[in-house]
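Colleague: I would like to learn how to read the features of a model like this one. Could we take them in turn?

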Amino acid sequence: MAILMCGTAQAALTADQVWADLQAAATEGGMKISAATEVAGDGELTLNGVSITPDGKPAIATISEVSIVEQEDGSVAFFPGEIRLENTGPGKVAITHEELSISAFEDAGGLGYGMDADSLSVAVNVVEGANMFDGTFDLTAVSGRYTRGLEALGMEMSADQLLYNITQKDPSLGIDSVNSSDTADLVLTGELTLPEGINLMSLQDTPSFIAAVRAGLGLSFEATQGVSTGDMVENNPMMPVSVAFSAAPGTTSVKAGADGVDISTTVEGFDVTLRPPMMPMPVEATSGTFGLGLSLPVVATEEAGAYGLQLTMENLVLDDAAWGMIDAGNVLEHGPLDVALDLGGTVKVDVLDLMQAGETGAPPNTTPELLTLDIRTLAVQALGAVANATGAFTFDNSMVAMGGPPMPVGTADVRLEGGNKVIDGLIAMGVITQEDAMGARMMMAMFGQPAGDDVLTSKIEAREGGSIFVNGQQIQ
């Protein structure tokens, strides 16, 4: 499939011409694709003993037979037999399928490809001494489409079901586990932007990758899935455990290029059941929506780039068995945990320059500078208490070159409700002593102003020169 994705020919789609085009594309990518025998028919070419070989090395993949058949609509269809990935090491990889067909068609910028299969399975087996990895990955009702424009590669893929089963042993790490998962309604879409003159097969080292990104290499990707379920059993005698999980539908997206990196993932909810050793019953946790987002500039410019971090966890609830391990006396409030975080700001950073410095060991050409920080949302609700904070800061980086930290200037507003109630509960549980609690209350009184029944507020100011004020009083 990788060789198919590198094809660039514009030739008319006869079986012979497409086969020649694939061979040329393989050669361009430093590979060789050949067949032991070629049998030509009426609009059809049958290849036996197909092998894919890097220059000067053993074959990395073999296909028992491939039928290339011209279609009435002008496309060409491939019908492969058994596919085997060769490995000179301790591992074996085999690909099997039912009713797999790959079609080639003329696209605006080259050859496009489509794929359909009733099922597609990959089996991986690695045994090296006492270490073992054995896994099967199965897709059902698979379809996909690959397009090639003049400057971008497009990809779409869907499967009704993805199953995997993995058994793994590594005595040196204490691993003796069995994992399984079942995911429904998997859909993947993506686009890879290729600068002129860049070949994917040439991106074999860090300098080549950095040069390609600076020239315009970019990726846009989105994956959605339906309900997922799974199990994990760890048989390590020191820490045996069993975990079962289910997850509601979710989405993950990635956009990356010289303009920046933007990653986000959301899951509508999940349920985890943990069976720890020597427990009479399992413990369970359920959650509503979970979301995580991260954005960061990649290439430094005259203007600062925007960054961001978002985290959302709604309605995380532990069952009675879990609370029984934490708070058997039912002293604390056992309500749900809610977390919301939204940070952002501007920064001057060149990630590619840092990658190059890591590769060569030389110092980076540009020193990263944090310029602003906006605390848009910081909210936590747990154990009957609620904490909120907002704020905005700028940073003086004049000391960074001499090894000093960036100095903040700005203000944050903090509100805490129910803090004393939580402290009372921890005392009743015996987690902290009265003396410990007194110190905590004194700190809260020092940094907070009363604003109601068990409510404290604070205004924290960072001023020029490194001084810090809390509620108007200087503490540093």
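Predicted model: local features only at pLDDT ≥ 70, side-chain atom pairs only at ≥ 80, totals over all residues.

Colleague: Where is Leu294 placed?

Modeller: Leu294 sits in strand β19, which covers residues 290-296. Its relative accessibility is 45%, so Leu294 counts as partly exposed.

Colleague: Which residues is Leu47 in contact with, leaving aside neighbours within four places in sequence?

Modeller: They are Trp19, Ala35, Thr37, Glu38, Ser64, Glu65, Val66 and Ile68.

Colleague: How many helices and strands are in the protein chain?

Modeller: The chain has seven helices and 28 strands. Its radius of gyration is 29 Å, well over the 23 Å that the globule rule gives for 476 residues, so the chain is more spread out than a compact globule. Along the principal axes, the C-alpha atoms fill a box of roughly 90 × 60 × 45 Å.

Colleague: What share of the 476 residues is buried?

Modeller: Buried residues make up 33%. The accessible surface of the chain is about 25,700 Å², and 58% of that belongs to carbon and sulfur atoms. As for contacts between residues at least 6 apart in sequence, 52% join residues at least 24 apart.

Colleague: How do I read a salt bridge?

Modeller: Look at the N to O distance, then at the exposure of each partner and its place in the chain. The structure holds eight salt bridges. In one of them, Arg214 pairs with Asp350, and the closest N and O atoms are 3.1 Å apart. Arg214 belongs to helix α3 (residues 206-215), while Asp350 is in the loop between β21 (337-348) and α5 (351-360), so the pair ties together parts that are 136 residues apart in sequence.

Colleague: Is Asp350 buried or exposed?

Modeller: Asp350 counts as buried, because its relative accessibility is 7%. Arg214, at 42%, counts as partly exposed.

Colleague: Which partner does Arg84 have?

Modeller: Arg84 forms a salt bridge with Glu82, with 3.2 Å between the closest N and O atoms. Arg84 is partly exposed at 32% relative accessibility, and Glu82 is partly exposed at 41%.

Note on methods:
Residues numbered from 1 in each chain as written. Heavy atoms only, no water. Helix = DSSP H or I, 4+ residues; strand = E, 2+ residues; numbered from the N terminus. Buried < 20%, exposed > 50% of the residue type's maximum accessible area, 1.4 Å probe, protein only. Contact = heavy atoms within 4.5 Å. Rg over C-alpha atoms; globule rule 2.2 N^0.38 Å. Areas by Shrake-Rupley, 256 points an atom, 1.4 Å probe, with all protein chains shown as cover. Salt bridge = Lys/Arg side-chain N within 4 Å of Asp/Glu carboxyl O.
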